[in-house]
Amino acid sequence: MIVSISDAELEAYEADGAVTIDGPLSPEELDRAEAAWDRIKGGDTPPYEDPDYVDVVQHPFFEEVAKRVLRATSVHLWWGLSPHERPVWTKPFDSPSEQWANGSHLDIQATWEDFTATPRRMRCELWFWLTDVPEDRGAMRILPGSHRPIMKHWSRILTDEHKQMLPRVHGIRRNPNENHPAYPEYIPDLTDTPWLDQEPVAYIAKRGQILVLCSAGFHSAWQNQDSVPRKAMGISWAADGIRCGLPKNQRDALMDYHPRLKEKLRPDRAHIVSEHFEWVFESDYEPRWEEMFPTDEAGK
């Protein structure tokens, strides 16, 4: 049995919506993974064409973490092999409060019942760091525990019909402007201290560690004040048998990408890509769900 995420780490994930755990790769394996990341970011080659990159996503450790997080006996990739970068910031730095106000958002919409179900009706998101992530190198900011009142909010206000259309990728903010795809949908303040007045936590990490994230809570990218970029691979998973919603462009990209990736996996690891696409349905920002733009008073 592969040792993945501990009971204490899993409890931290459930309480805070995020936890950093140690990863499985040796320094030599990390060097190969980072070199592959550099090749992909520096050219036009798809990630699944680079064997060293594919070796990361098919490592059994990530599957075992996803199983535990999702309370599932079998899982498959929701998305895999996404290179992420926070380059060195070359403009004047915004204040922390400005960065939080402008960047805080959630990516996944799900109810509290989805999160507490077995298997969990949620996305397991793993951010695999290829560089050290000190606070000033664009470490992700997270508001620990915010996923809990937000998902309970969706449980209270959504119609039964709309609850059946979760979980879904649906980016939402506290104060979206008119150009945001979800506008006028938003998340009202649900605690005594308004969301944007709360101070997020910088989730620092060492090279090779993994951030296990529940993006149903507030989090934000951050400006990189260091002299070197921050590098990561994003890998996400879903439990077998759970249907998940994606905007049309993401769903189309996934349906093109997954078969190509599956061809590159070892035969004993090919099962991590689903044989079909019945699990993923189209969920766009239109039509709007009217119950998602109440007054603050109605939302509390």
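Guide: Start with Asp268, which is partly exposed at 49% relative accessibility. The side chain of Asp268 meets that of Arg266 in a salt bridge, at 3.2 Å from N to O. Arg266 is partly exposed too, with a relative accessible area of 36%. Elsewhere, salt bridges with shared partners link Asp31, Glu34, Asp38, Arg207 and Lys231 in one network.

This is a predicted model. In total it holds 23 salt bridges.

Now take Lys264 and Glu49. Their side chains form a salt bridge at 3.4 Å, N to O. Lys264 belongs to helix H9 (residues 248-264), while Glu49 is in the loop between helix H2 (27-41) and helix H3 (51-57), so this pair ties together parts that are 215 residues apart in sequence. What is the exposure of the two ends? Lys264 is partly exposed, at 38% relative accessible area. Glu49 is also partly exposed, at 40%.

Next come Arg137 and Asp226. Their side chains meet in a salt bridge at 2.7 Å, N to O. Arg137 sits in the loop between strand S4 (124-129) and strand S5 (141-142). Asp226 sits in the loop between strand S9 (219-220) and strand S10 (230-239). The pair therefore ties together parts that are 89 residues apart in sequence. Both of these residues, Arg137 and Asp226, are buried. Each thus has under 20% relative accessible area. By contrast, Lys264 is partly exposed, and so is Glu49.

Technical notes. Residues are numbered from 1 along each chain as its sequence is written. This is a predicted model: local features need pLDDT of at least 70, side-chain atom pairs count only at pLDDT 80 or more; totals for chains, interfaces and linings use all residues. Side-chain values use heavy atoms; hydrogens and water are left out. A salt bridge is a side-chain nitrogen of Lys or Arg within 4 Å of a carboxyl oxygen of Asp or Glu. Helices (H or I, at least four residues) and strands (E, at least two) are DSSP runs, numbered from the N terminus. Buried means under 20% relative accessible area, exposed over 50%, partly exposed in between (1.4 Å probe, protein chains only).
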